[in-house]
Amino acid sequence: MRQNSKLQAIALGVLSACSLAAGYEVHFSDSDYSRQVCSGMWASQSTFINVTFDESSSQGQVAMVIYEWKDVKYLGITTSAADDSLPNTYVCTTDAVRVGLCTYDDVGKFIFSSDDGTTIPQTTFWTASVALNQTSNASSDSSGFWDSPDGNPTPPADKYDSPWSSRELYHSRRQSNDTLNPSPYETIAYTQPIQYQVRKKGYYCVAIVPVTVMNPTARQAPTDVPSHPTYNGVVLFRNTFDGKLPATDYPKVNFYLTMFFAYAIAGTMWAWLCYKHVTELLPIQYYLSSLIVFLVIEMVANWVYYRYLNAHGKTAASVVFLFVVAILDAGRNALSFFMLLVVSLGLSVVRESLGRTMLKCQVLAGLHFIFGVLYAVGIVELELESTSALILLMFVIPLAFTLSGFLMWIMYSLNSTMTQLSVRKQRYKLKMFKNLHYILLATVVVVAIFFVISSVSFSDRLAEDYAAKSWRYRWWLLDGYLALLYFISFWTIAYLWRPSEHNRRLAMSDEISQEDEDAEDYDLEALQQRIVAREDDEITLVNSRREPEALAEDHVVFEIGDEDIASDDEGETATKKRRGGEHRASGDKEDGADEERQGLMHKDRDE
């Protein structure tokens, strides 16, 4: 007996310690609209579900069931095969017994119904009728029996050894005790937390329904009515991790910790390149460095926020922490779009400074940050179900305008910069911006693909089994893939604008073509010939405007003289030129024609 008492004390101590273990807690009461509490669970050999009632405010009798969602098809029974409009019957009552939906032994419990021959021990189903603050009535089964004057018979040591007990019933009861969570056959009096062992990963639910019980010994008058059960309590889901986060959110803790290390490692490499080429750094690289520091801080803040939630749950401090994380997220978005815009405008690569355009970019980034903070705070504080659409639009529309402005300006600037570099035949710089264009296109394609996947997934959010199917990867659809996509896109763009020893040369110099068809664009002799040809074209155009009729009548053809004529004294007066022309005209016809043409040329030059 002493050994058994010691074992009982140890068992009670273990149960008390388990009840104090940290886990995801969900409060429930008899006034809740939904009678069911569900959560995903990461299982191990030490995971369980505890249901604790507040004994000071709980009384009456309830029907309780705990199960994994895959066995929900066994919960309840069809009320009427002839009338499909009637809902299923889930709890065994006297009326259900009367119509044959359950047996009298199951009154006060949830109904288990199987069409394929599956039994309760083969499922995760556990159900019981629980009496709250009725220990004396529930534990004494013989309180209503007749006491014999000669003395009552002594019951056997084992209640299953009675000769009046069915051998089949005895076998069934012993078999149920071999299961992990056997369902009790009698009404149990609540004295300590009810524990349900969990050994398989899944989506588990706890349903509690009040049951009205009429006690003949307690009724004093025909006008008395049965009391409705009242209860309050907590369902604790103890997962493989220590903490109060639900299983669907806990992966964010490790995810943001991993992202912090990834940003820190990549940022360290960036810092080394900046230190190595500190004299060659461009303004755009200073902006990128500040954004990298900001991203590392944001990842740390997200990780600390979820660690705090896991340790302390939702408190006033967690709400303040959430505002800080929302502000950092808005700042990251504003800085990212600002950086992408100034890069698309060609800062430090195509042009050394943006002038007043930089001020416009900064104003747009500031407005986007303010509207992003207002949007984040509104999403946290406002209740989507009760807030009017106008109030919601006041938080959404300003952010949508600044976001649209950023996107349109970025696309226009990137196309203009690429066109300018293509005209100037700056192939190396053009390749950089083309790679940026490809990165943005790939990002848009990936976002579109995940948008379709997310839309398909969230389109079933009102389905009864949506949470059970999506609890493992829901965090990935909401937070994970966007954060990872941003990480890949950001560092790919940063790699294109990484610090190097040729930064200043790249920014301040133009590329010289190495191809034959474009070599004359940079040849000095070719440039001089172009200048001379351009001047001759201008002289021809001027003469054609001054004497169009004379040129048309005489059909004069201009030709350039030899080097002696080109070297004549330019200080000779117009009179001497005309006399020389008349003297040469008195010669033979051939010489006279030549001299006439030369005289006309000198005349044109003097004029």
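Mentor: One term before we start: two strands pair if DSSP finds at least two bridges between them. Also, this is a predicted model.

Trainee: OK. How many bridges join β5 to β6?
Mentor: Two bridges join them, and the strands run parallel. β5 covers residues 126-132.

Trainee: Which residue stands opposite Ile188 of β6?
Mentor: Val130 does.

Trainee: And what is the strand order in the open sheet?
Mentor: The order is β2-β8-β4-β5-β6. That makes five strands, with mixed pairing.

Trainee: Which strands stand at the edges?
Mentor: β2 (36-41) and β6 (188-189). Each has a single partner strand, so one side of each is left without a neighbour in the sheet.

Trainee: What holds strands together, in general?
Mentor: Strands of a sheet pair through backbone hydrogen bonds, either parallel or antiparallel.

Trainee: New topic. How many cavities of 30 Å³ or more turn up?
Mentor: One, from a search of the whole structure. The largest cavity holds about 60 Å³ of space.

Trainee: Which residues line the largest cavity?
Mentor: Among them are Phe28, Asp32, Arg35, Val206 and Tyr231. The lining divides into five nonpolar, two polar and two charged residues.

Trainee: Which strands supply at least two lining residues each?
Mentor: β1 (24-29) and β8 (202-211).

Trainee: Now the surface. Which residues form the nonpolar patch?
Mentor: They include Ile327, Leu359, Phe369 and Leu374. Together, the patch residues have about 570 Å² of accessible area.

Trainee: Where does the largest share come from?
Mentor: Helix α8, residues 356-381, gives six residues. Leu359 lies in that helix.

Key:
Residues numbered from 1 in each chain as written. Predicted model: local features only at pLDDT ≥ 70, side-chain atom pairs only at ≥ 80, totals over all residues. Heavy atoms only, no water. 1 Å grid on protein atoms, 1.4 Å probe; cavity = no way out; pocket = protein on both sides within 12 Å on 5 of 7 lines; lining within 4 Å. Points joined across faces, edges and corners; volume = space filled by probe spheres on them. Helix = DSSP H or I, 4+ residues; strand = E, 2+ residues; numbered from the N terminus. Nonpolar A, V, L, I, M, F, W, Y, C, P; charged D, E, K, R; others polar. Patch = residues over 30% accessible without salt bridge, like charges linked within 9 Å, V, L, I, M, F, W, Y side chains within 5 Å. Areas by Shrake-Rupley, 256 points an atom, 1.4 Å probe, with all protein chains shown as cover. Salt bridge = Lys/Arg side-chain N within 4 Å of Asp/Glu carboxyl O.
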